[in-house]
Amino acid sequence: MTNDKIIIVKDMLKKFGDFVANDHLNFDVHRGEIFGFLGANGAGKTTAMKILTGLSKPSSGEITVAGYDVYKSGDTIKRNIGYMSQKFSLYEDLTIAENIRLFGGIYGLSRKEIKKRSAKILTQLGIEDMANKLVGSLPLGWKQKIAFSVAIVHDPAIVFLDEPTSGVDPITRRQFWDLIYDAAQRGITIFVTTHYMDEAEYCDRVAILVDGKMIALDSPQQMKKAYKKQNMNDVFVELARGKRFFEKAPNNK
Amino acid sequence: MKRFIGLLQKEFLHIFRDVRTIMILFGMPVVQILIFGYVIKNEVSEVDIAVLDYSRDETTIALKNKLEASGYFNILYELQSPKEIHEHFKEGKIKEVIVFPKGFSEKLTQGKSPSVQLILDATDPNYAQIVGQYTEAICLDFGLQESQIISQSSGISIQNRMFFNEKMESSYLFVPGTMAFILMLLSALMSSVSIAREKEFGSMEILLVSPLKPIQVVLGKVMPYVILAFANAVSVILVGNLVFGVPIEGSMLLLMLASVIFVFTALALGIMISTISNNQLTAMMMSMFVLMLPTMLLSGFIFPIENMPVFLQWLSTIIPARWYLDIIKIIMLKGGGMAFIWQQLLILIGMFVVFIGISVKNYKIRLE
Amino acid sequence: MSEIRIENISKNYGKVQAVKNVSFSVKSGELFGLIGPDGAGKSSLIRIITSLLLPDSGNIQLGEYDVVKDYKIIRRLIGYMPGKFSLYQDLTVKENLEFFATVFGSSIEENYDLIKDIYHQIEPFKNRRAGKLSGGMKQKLALSCALIHKPEFLILDEPTTGVDAVSRAEFWDMLDRLKSKGISILASTPYMDEAMRCDRIALMQKGEILGTNKPSEISKMIQHDMFGVRADDMYKLKQFLSKCIDVDAVNLFGQEIHISLKTGINETSIREKLALQGFSNLEFRQIEAEIEDVFIHLMTRQAKEVKNDQ
């Protein structure tokens, strides 16, 4: 049933000049699952995510997101997804309430609906009394939690999270995952990149990327079983070490 | 010393690795001077005008011919009535209307000075003034030729001679102006940006924890640009001389010496800027507002300092380019020697000392 | 004596207290880890140690030298790798290394011995521009550059951030080898799991040191017992445990939930409660606290103290 597959990626290729950022990727993401994308910086995670969110066009390949073709319906896709990146998420010079209102408005929610959802977000995060604080004055962990709530304010089919917990303290990191689970329970599909290996365990399925190639795709349990490892970190190290494509040395020394 | 040479090598590598920078460094001065030389001209040519001639006699026809023959004017319309004047000005095709009164020729022969009325479109006041002056000059000249009576009866005849720039070529001003501008920009902007870049990319942290002395880091940044700026000064002078025919009356050696001193002053200013900016963008913006605009507007490059309000005249004295412009005009156009420029040179050197002093005081041996 | 002694260091930026009365020492020839999340104050502290920032109060000695007074000498003695990749991206690998060698009045040949192991791995790319190297390679080059003048102290600010797991492991191996050559090393990291690679660690959060210890001793910093629980439906399990009044801390750790019990509650009572819920494939075991458990524990305590102060 294709209906079960909310993202279908066939032979996705993305080149920047000679550099192959995504080397013929093939994978599907099922509706309602938490799908993890693992890899080091420069492995091609962000590039793939940009294509799936309609921010950049692939060089070739067939890609469908939420039932829409990324070549033809980039704009429609953008309306049906949420996106949160490690770099930019909220306007630092606006208050929390203003940010929620702004993004709710961008996604075409009615004023009444925005009010209702703002209240819900503030209660869920337990920050009712902070609604009028500037986002810039908050600690990183808080920003990330609010940014996530804002990214799903319009109840998207999928939310893309680009290293949302990078550099966040261990308590906030877990609170963040609570939010992710919560959203997943509500039926939102989660597509998340991370380089914390323990977070890989929280995903339903994970794909491992090395140098633009996908070298493994399975549930964490299956991977650990297949490679006879205790945890995902060991699996990753084993996979990356075995299949690492060493940089070619230039001939002219 | 070995450390310093290592630093110099690195700076040159940075400059030559970046094609865009090289293009800017070597292309910009020439392009700029060509643009200034050709586009911003103060002299007039082929100005479209209209004439309202109440006399229509031989003299006015001859005068009109003379106006057109001068190459400065192009008579587009012969108007029939004063009502048309306003309409044509509104259309915007003409810049000037010359009105000849009735009996122009008779008055001239009778020895009465006939008056000519000039009506100008003063939306651009500077331009209108120049057009008016040119018309006046041609009319006066015509009057002199036609009738001795005028000069006799009026008693005084004014004869202008433009010293140092007989033909009133604006390139005589723009080439020195551009030189000052380019050298300022290159030296100050490039050096401030290049230090700010180290801060932005974090390599300043490593340079700071190294045994390099602050003065070494600063000089290492400055030296490559001294050489580059010097090469640029030469190329600008050559273009000015060969393409626009700007003379070099005075000593080339003195001109070069003055240029080097100016470059050092500008570099010191750039370094001063870099000590207070943390990234390339800030350095760039500061250079734009602190250096480029004042250099353009207050150095006497575009607007004569004598015409400025007293406050701005006073302000212009702290613009290094003002003094440099003075120096190169004296050397290139007047052929003046050291005796005429030593004061300006001293001012520049004084500025250099002040800027370097502030920079060294501001230079952080630590991060903030 | 290559000891780093940090005593009562504080640093404020306006109202923000970046470093609060921090004291610890790195022994001669030790590999010391400074562990904490972004914004904990690690970079500020490291910059104070490398003489790049002045502390508001307190003092630091590297060997016999004072970091404020003798900063010129200190700067010759330390090798520093800043948090951001700070080499010249437009220069090649070799040019970068040569530049830093000359700046420190040394040469690649002179100290080749020290960097041999590391440089060997990037030597095939010596004519490549630094900006075009992979993350792991950049890091090796930066380390080579920091070592080129044979420093007594090596100070590294988040050297493994953004690098893949394999390169990270390799990097710590390299630090191990350098340590054996007698260099005292202080490295900061946001990754708790890297703590195990250090001789001793300090946990840092909100400008304060929560604790200093050997990694093997760190689990003892939590006095009460810790348990690992898992079941098929982890989400439900976690919700149940969070609401359960007998349980103190509930934290997801990969495939397990780590819990600690409130004082006076014993293991059997919670086991019985869980059994009643009928979770399928329920597993319950006593565990030794991991470093992240300890960190969370100390963080919570710190937060409580702040609340009490107010």
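Residues are numbered from 1 along each chain as its sequence is written, with chains lettered from A and ligands numbered from 1 in the order in which they are written. Because the model is predicted, local features need pLDDT of at least 70 and side-chain atom pairs count only at pLDDT 80 or more, whereas totals for chains, interfaces and linings use all residues.

**View 1. An open sheet in chain A.** Four strands, in the order S2-S1-S4-S5, form this open sheet of chain A with antiparallel pairing; strands (E, at least two residues) and helices (H or I, at least four) are DSSP runs numbered from the N terminus, and two strands pair if DSSP finds at least two bridges between them. Strands S2 (19–30) and S5 (68–69) of chain A each have a single partner strand and stand at the edges, so one side of each lacks a neighbour in the sheet. Strand S4 (residues 60–65) of chain A is joined to the antiparallel S5(A) by 2 bridges, and Val65(A) stands opposite Tyr68(A) in S5(A).

**View 2. The contact between chains C and A.** Chain C and chain A each bring 28 residues to this contact, where two residues touch if their C-beta atoms, placed from the backbone, lie within 7 Å. On the side of chain C that touches chain A, helix H6 (165–180), strand S12 (247–253) and helix H10 (291–309) of chain C each supply at least two residues, and H10(C) gives the most, with 4 residues.

**View 3. Two helices of chain B.** The crossing of H11(B) and H12(B) is right-handed, meaning that the near helix is turned clockwise from the far one by less than a right angle. Their contact includes Leu269(B) of H11(B) and Met286(B) of H12(B).
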